[in-house]
Amino acid sequence: MNMLELWIHSVIKKLFAEDQEFRNYLGKTSLEKVSKEDVQKYKMFKLRKMLNYVYEKSPYYKKHFSKQNIKPGDIKTFEDMVKIPLTEPEDLAENPNNFLCVSQGEILRGFTTSGTSGRVKRTLYTMDDLLRIGESIIAGFKMVGMTGGDSVQITFPIIAEWDPWFLLEKAVQYAGAIPILAGMLAVEEQLKKLKESKATMIIGIASYIHRLTRVAKKSLDLKNFGIKGIILSAEPWPEAVREEIQEAWGCKAYSQYGTAEMGLAVSLECDVRDGLHLNDADFFVECIDPETGEQLKSGEEGELVFTTLSRRGMPLIRYRSYDISWLIDETCGCGASTIQKMGKVKGRLDMQHKIGYGKKIYPLLFDEGIVKIPDIINWQVVIEEEEAKDKLTIKVEVTEIPSEEELKNKITEELMKIEEITESLARAAITEPKIEILKPGTLKTTHKSKSIIDARKTYE
Ligand SMILES: [Zn+2]
């Protein structure tokens with residue numbers, strides 16, 4: 001049994017036991033086994049309640065709905081949701097208090113995030129909101145096999161304002177396991193702490209754990225640490241990173257997704273690691289075509305848009321994530337058949353560029369291949385225009401160059417695995433990609449949003 005699914009069912013059963021209105025809505029007198037249809041109905045029931053709640057309590061949403069002449073009662077199906085305009089992160093950055101549905105006194109904690117645009121966004125949570133998030137994290141941890149005997153090394157940065165470790169620490173404790181707050185220590189110190197603490201699981205930012213693994217495996221057999229699971233969080237990362245981490249530590253690595261605005265915990269992979277199981281108890285998720293706003297079907301790639309179903313302090317309705325992924329409705333290999341999954345996030349909308357006849361490229365496409373080549377420490381793709389075609393230059397920074405020819409061949413080989421490039425080449429929409437090998441320290445950027453530079457002239 002998938003433990004996250006089990007928890008979601010228990011949430012639905014609890015509501016069924018307590019709420020006559022929900023029992024009527026479901027049209028059932030008993031609820032022993034929760035079906036996929038029951039989960040869908042639960043979400044619709046919660047969604048309608050939530051829309052009424054924000055319309056009444058949140059100044060932002062009152063205005064947001066009224067501008068379009070929408071009443072919460074107009075939303076009767078999931079498809080109707082497109083009538084409500086999207087909520088932009090910028091609106092939240094501008095005036096978070098406008099979103100508040102409770103008094104300031106009821107707010108226990110806020111999460112701050114700067115995001116890629118650089119503007120600070122602050123999301124505020126009540127005690128109940130945080131307890132609920134904690135519960136969902138516990139269910140997720142159990143799904144990946146955490147038990148009372150485990151110790152979990154938490155390697156997120158410990159910064160007062162942005163503190164996922166606070167929630168994680170409590171969730172690990174309530175799951176019966178032992179949390180170890182390590183933060184993003186230097187490699188040597190982190191390894192020392194891992195040994196001392198006898199940690200059995202690690203959770204942290206993917207790029208940090210990858211770097212730790214790369215450095216440490218040179219001199220140590222990491223399999224001796226006895227780690228049984230690693231949860232990789234935050235930014236999009238290529239499968240090659242997972243493979244390297246799994247092989248080095250001799251355990252499974254799981255992808256986790258969440259943003260500060262959504263309360264950090266939204267979805268997590270199960271043992272099958274084919275899509276991330278969503279917390280259907282607390283979120284209604286849409287995948288939309290960012291250009292037309294249309295809702296996409298299961299399997300179609302687009303932007304994820306979130307609506308919170310349980311939050312009291314600062315609920316968000318149709319909140320844009322700018323993250324590119326897709327929804328999965330099929331039954332999972334783990335047996336979970338009633339809850340939804342999402343694909344592993346590919347990148348952010350603002351990191352995506354169109355080449356040739358509209359093929360979309362984003363940093364992760366290049367990361368997948370380039371990360372496998374050990375000498376490369378940094379890379380950048382520059383898009384220019386040459387004789388009415390798009391020209392790509394792949395600049396790579398290396399530690400040492402054994403043979404420039406050999407390295408260029410390796411890179412070309414990886415580039416030719418990218419469908420977006422080969423198809424554009426076949427249709428003569430781009431010129432042959434150029435490769436430039438650079439010495440260390442030449443490429444100044446490490447930020448993912450700077451990995452692809454669009455240097456084409458625009459005629460707007
Ligand atoms: Zn599964």
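## Domains, sheet and helix packing

The centres of domain 1 and domain 2, taken over C-alpha atoms, are separated by 32 Å. The model is predicted. The domain assignment places residues 1–351 in domain 1 and residues 355–454 in domain 2. Contact between the two involves twelve residues of domain 1 and ten residues of domain 2. On the side of domain 1 that touches domain 2, helix α10 (residues 239–249) gives the most, with three residues. By class, that side of domain 1 has six nonpolar, two polar and four charged residues.

An open sheet is formed by four strands in the order β20-β19-β18-β21, with mixed pairing. β20 and β21 are its edge strands, each pairing on one side only. Direction ignored, neighbouring strands of this sheet are turned by 20° against each other on average. Helix α12 packs on the sheet and touches β19 and β20. The direction of α12 makes about 135° with that of β20. Strands β18 and β19 pair in the antiparallel sense over ten bridges.

| Element | Residues |
|---|---|
| Strand β18 | residues 376–386 |
| Strand β19 | residues 389–398 |
| Helix α12 | residues 404–415 |
| Strand β20 | residues 434–438 |
| Strand β21 | residues 452–454 |

Helix α1 (residues 3–18) packs with helix α6 (residues 127–143) at an angle of about 145°, their axes being 7 Å apart. M3, L4 and W7 of α1 meet A139, G140, K142 and M143 of α6 in this contact. The contact residues comprise five nonpolar, one polar and one charged.

Terms used: Residues numbered from 1 in each chain as written. Predicted model: local features only at pLDDT ≥ 70, side-chain atom pairs only at ≥ 80, totals over all residues. Axes fitted to C-alpha atoms, helices over the stretch in contact; angles between N-to-C directions. Helix = DSSP H or I, 4+ residues; strand = E, 2+ residues; numbered from the N terminus. Contact = placed C-beta atoms within 7 Å. Nonpolar A, V, L, I, M, F, W, Y, C, P; charged D, E, K, R; others polar. Domains from an automatic or database assignment. Pairing = 2+ DSSP bridges.
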